[in-house]
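This report describes one protein structure for a reader who has not seen it before. The sequence and the model come first, followed by short notes under headings.

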Amino acid sequence: MKYSRLTKEQFEELHQEFINFLATQSITADEWTNLKANKPDLAEMELDVFSDLIWEGALNKAEYLEHFAPKHMYLFHLKEDQMHAIVVNIKNDVDITTQEGYDWLRENLMDESVEFLQADKAYSDDKNLDKFKMIEQGASITKGELYKYFYKLIN
C-alpha cells in the first residue's frame, strides 16, 4: 500500500464508489460478503487498493495545501513541476492556531513580529507521495484562498 487506508467514515462516505470499484473487479455484493468472511486477507488487500486509488485521485487534483502551527503558517501552491511555499512566522507569544491568535494576525499583518518567507521546492521522483507526506504531517488540501491572499500581499 502506497498511502494509508481510508478511515471507516471515509469508506462510508465513498460507499457507492467502493461498490463501483468492486464491480470493476467483477466482485458482487454476495462475493464481497463471502470474501470478508472466508478470505479476510484478500478483502483487506481490496480495501488497500481502493484506498490508494482514492488517494491518488485526490492528490492529482490537489493544488494547494495549508498547515498551521502555533507560530507558523505554511501555505503551498502545488505546481506541476515544483511547489511554492509561503511561510508566515510569528515572533511573539501569539498562537495563531487559536481563534484569538488568528484574529490578532489578521489585524496585525504588518507588525514587526510577523515575518514572510517564500521558497520553491522541487518534488522528488514521486510528486503525489511528497504531497501525501505533507498531509500526514498535518497539512490540509484547500482551495488556496489564503495562499492567493498572501501571495498578492507580499509580491
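## Glu at position 56

E56 counts as partly exposed because its relative accessibility is 26%, which lies between the 20% limit for buried and the 50% limit for exposed. The model is a predicted one. E56 is placed in helix 4.

Leaving aside neighbours within four places in sequence, E56 is in contact with K2, Y3 and N128. E17 lies 39 residues apart from E56 along the chain, and the C-alpha atoms of the two are separated by 14 Å.

## A surface patch

Helix 4, residues 40-61, also holds V49. With a relative accessibility of 39%, V49 counts as partly exposed. Together with L42, M45 and L53, V49 makes a nonpolar surface patch of about 340 Å².

## The nonpolar cores

The largest nonpolar core has 26 residues. Those with the most contacts inside this core are F18, W32, F50, W55, L65, F76 and L78. At least two residues of this core come from each of several elements, among them helix 2 (15-24), helix 3 (29-38), strand 2 (72-78) and helix 6 (127-136). Helix 4 supplies the largest share, 5 residues. Domain 1 (8-61) and domain 2 (64-154) each give at least three residues to this core.

For L78, the contacts beyond four places in sequence are A62, E63, Y64, L65, M83, Y123 and K131. A second, separate core has 14 residues, including Y64, V88, V94 and L105.

Definitions and conventions: Residues are numbered from 1 along each chain as its sequence is written. This is a predicted model: local features need pLDDT of at least 70, side-chain atom pairs count only at pLDDT 80 or more; totals for chains, interfaces and linings use all residues. Side-chain values use heavy atoms; hydrogens and water are left out. Patches are made of residues with over 30% relative accessible area and no salt bridge: like charges are joined within 9 Å, nonpolar side chains (Val, Leu, Ile, Met, Phe, Trp, Tyr) within 5 Å. Accessible areas come from the Shrake-Rupley method with a 1.4 Å probe; for residues, only the protein chains shown count as cover. A salt bridge is a side-chain nitrogen of Lys or Arg within 4 Å of a carboxyl oxygen of Asp or Glu. Helices (H or I, at least four residues) and strands (E, at least two) are DSSP runs, numbered from the N terminus. Buried means under 20% relative accessible area, exposed over 50%, partly exposed in between (1.4 Å probe, protein chains only). A nonpolar core is a set of buried Ala, Val, Leu, Ile, Met, Phe, Trp, Tyr and Cys residues joined through side-chain atoms within 4.5 Å. Domain bounds come from an automatic or database domain assignment. Contact means heavy atoms within 4.5 Å.
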